[in-house]
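Take a look at the chain below. This report walks through its fold, its core and its pocket.

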Amino acid sequence: METIVHRIRLKDSGQHEAFERWVCERDYVACHDLPSVVGFDVHRVSLEPDADCHYMEIIRVSSQADFERDMATPTFKGLERDFSGMAEVIDEIAGHQIGPGYRKAHSETAPA
C-alpha cells in the first residue's frame with residue numbers, strides 16, 4: 001500500500017467551512033467510486049489566514065499505478081476541478097507502508 005500526504009492551503013481561509021463541507025459531502029463520498037483508494041482523511045491544521053498550511057490530507061492507495069488510473073476518471077477530474085477552485089496542494093510526500101501498521105478497532109474508541 002502507498003500513502004500520499006498533501007499539505008493544503010486554502011485560497012481564501014475565510015471559506016474553510018465551505019471547504020470542510022465539500023470534503024465531507026463530496027470528497028469522502030467520491031472515494032467509493034475510486035477503487036484504488038483504501039483510505040482517505042483530511043485534517044485541519046490551522047485556520048489562521050497567514051498559516052503556511054491549513055489542512056493536510058492522507059490518501060492510502062492500493063498502488064500508484066491503480067491510483068493513476070483512477071485519476072483519469074470523470075469522478076476524479078470533477079474533484080480536482082472543485083478542489084482547485086478552493087485550495088492548492090503546496091507539498092506532497094509519498095511512501096510505502098511498512099507492515100500492517102496499527103489501528104484501534106472502532107469499538108475500542110467509541111465513548112462509553
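Where does S62 lie? S62 sits in the loop between β3 and α2. This is a predicted model, in which local features need pLDDT of at least 70 and side-chain atom pairs count only at pLDDT 80 or more, while totals for chains, interfaces and linings use all residues. Residues are numbered from 1 along each chain as its sequence is written, and side-chain values use heavy atoms, with hydrogens and water left out.

**The chain as a whole**

The protein chain has four helices and four strands. Helices (H or I, at least four residues) and strands (E, at least two) are DSSP runs, numbered from the N terminus. Read from the N terminus, the elements run β-α-β-β-α-α-β-α. The C-alpha trace spans about 40 × 40 × 25 Å along its principal axes. Of the 112 residues in the protein chain, 34% are buried. Buried means under 20% relative accessible area, exposed means over 50%, and partly exposed lies in between (1.4 Å probe, protein chains only). Contact means heavy atoms within 4.5 Å. Among contacts between residues at least 6 apart in sequence, 70% join residues at least 24 apart.

**The sheet**

What is the order of the strands in the sheet? The four strands form an open sheet in the order β2-β3-β1-β4, with antiparallel pairing. β2 (37-44) and β4 (87-96) stand at the edges with a single partner strand each, so one side of each has no neighbour in the sheet. On average, neighbouring strands are turned by 15° against each other, direction ignored. Axes are lines fitted to C-alpha atoms, for helices over the stretch in contact, and angles run from 0 to 180 degrees between N-to-C directions.

Two strands pair if DSSP finds at least two bridges between them. Strands of a sheet pair through backbone hydrogen bonds, either parallel or antiparallel. Here β2 and β3 (residues 55-61) pair in the antiparallel sense over seven bridges. β1 and β3 also pair in the antiparallel sense, over seven bridges. In β3, E57 is the bridge partner of V42, and Y55 is the bridge partner of R44. R7 stands opposite M56 in β3. β3 is mostly covered, with six of its seven residues buried.

Helix α1 (residues 16-30) touches β1 (2-10), β2, β3 and β4, and its direction makes about 170° with that of β2. Helix α3 (residues 74-86) touches β1 and β4, and its direction makes about 125° with that of β4.

**Core and pocket**

A nonpolar core is a set of buried Ala, Val, Leu, Ile, Met, Phe, Trp, Tyr and Cys residues joined through side-chain atoms within 4.5 Å. Which residues have the most contacts inside the largest core? They are F19, W22, V37, F67 and A87, in a core of 21 residues. β1, α1, β2, β3 and α3 each supply at least two residues of this core. Leaving aside neighbours within four places in sequence, F67 is in contact with I4, S36, V37, I59, V61 and F76.

α3 gives the largest share of the lining, five residues.

T3 is in strand β1, and D82 is in helix α3.

| Residue | Relative accessibility | Class |
|---|---|---|
| T3 | 19% | buried |
| D82 | 24% | partly exposed |
| S62 | 37% | partly exposed |

Their contacts leave out residues up to four places away in sequence. T3 touches I58, I59, R60, I93, A94 and G95. D82 touches W22 and R26. S62 touches M1, S36 and V38.

D82 and R9 are 73 residues apart in sequence and 14 Å apart in space, C-alpha to C-alpha. S62 and R44 are 18 residues apart along the chain, and their C-alpha atoms are separated by 25 Å.
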